[in-house]
Amino acid sequence: MILTGCGHAGIVNLVRHAQKVTGIQRLYGVLGGLHLRSGPVVDRTIDESAAEAPQVVVPAHCTSWAAQQALATRLPDAFLPNSVGSTFLLGAGI
């Protein structure tokens, strides 16, 4: 699971770095600010994220509404909406 505040480096870069550092290639999920607004970077990021087949994607504060909608459309089984007070239980079987 990748937990990010505001992913200025780009979520794909953060995931790849974590995979390199930990040696763990399987991405369970991403939770936090994805720093995605608009433009071609959104589609490229979603394409590369979808290739990782995450089980959970929870975009937060610095992810635009348009980027969240694109994530929900492309990764409907993984996408979970986030708001103030949201609680997420992560683990086996979830």
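User: Does Ser49 count as buried or exposed?
Analyst: This is a predicted model, so keep that in mind. Ser49 is found in helix 2, and its contacts beyond four places in sequence are Ile11, Val12 and Pro54. Buried means under 20% relative accessible area. Ser49 comes out at 16% relative accessibility, so the call is buried.

User: At roughly what angle do helix 2 and helix 3 cross?
Analyst: Two packed helices are described by the angle between their axes and the distance between the axes. Here helix 2 covers residues 40-51 and helix 3 covers residues 65-74, with axes that come within 10 Å. The crossing is right-handed. As for the angle, it's roughly 35°.

User: How many residues of the contact of helix 2 with helix 3 are charged?
Analyst: Helix 2 brings Val42, Ile46, Asp47 and Ala50, while helix 3 brings Ala67, Ala70, Leu71 and Arg74. Of these, 6 are nonpolar and no polar ones turn up. That leaves the charged count at 2.

User: Which elements give two or more residues to the largest nonpolar core?
Analyst: That core has 17 residues, and among those with the most contacts inside it are Ile11, Leu34 and Leu71. Leu34 also touches Ile11 and Leu71, among others. The elements giving two or more residues are helix 1 (11-22), helix 2 and helix 3.

User: Which element has the highest mean pLDDT?
Analyst: The chain averages 92, with 96% of the residues scoring at least 70. Strand 1 (residues 2-6) has the lowest mean of the elements, at 92. The highest, at 97, belongs to helix 3.

How values were computed: Residues are numbered from 1 along each chain as its sequence is written. This is a predicted model: local features need pLDDT of at least 70, side-chain atom pairs count only at pLDDT 80 or more; totals for chains, interfaces and linings use all residues. Side-chain values use heavy atoms; hydrogens and water are left out. Axes are lines fitted to C-alpha atoms, for helices over the stretch in contact, and angles run from 0 to 180 degrees between N-to-C directions. Helices (H or I, at least four residues) and strands (E, at least two) are DSSP runs, numbered from the N terminus. A crossing is left-handed if the near helix is turned anticlockwise from the far one by less than a right angle, and right-handed if clockwise. Contact means heavy atoms within 4.5 Å. Ala, Val, Leu, Ile, Met, Phe, Trp, Tyr, Cys and Pro count as nonpolar, Asp, Glu, Lys and Arg as charged, and the others, Gly among them, as polar. A nonpolar core is a set of buried Ala, Val, Leu, Ile, Met, Phe, Trp, Tyr and Cys residues joined through side-chain atoms within 4.5 Å. Buried means under 20% relative accessible area, exposed over 50%, partly exposed in between (1.4 Å probe, protein chains only). pLDDT is the predictor's confidence in each residue, from 0 to 100.
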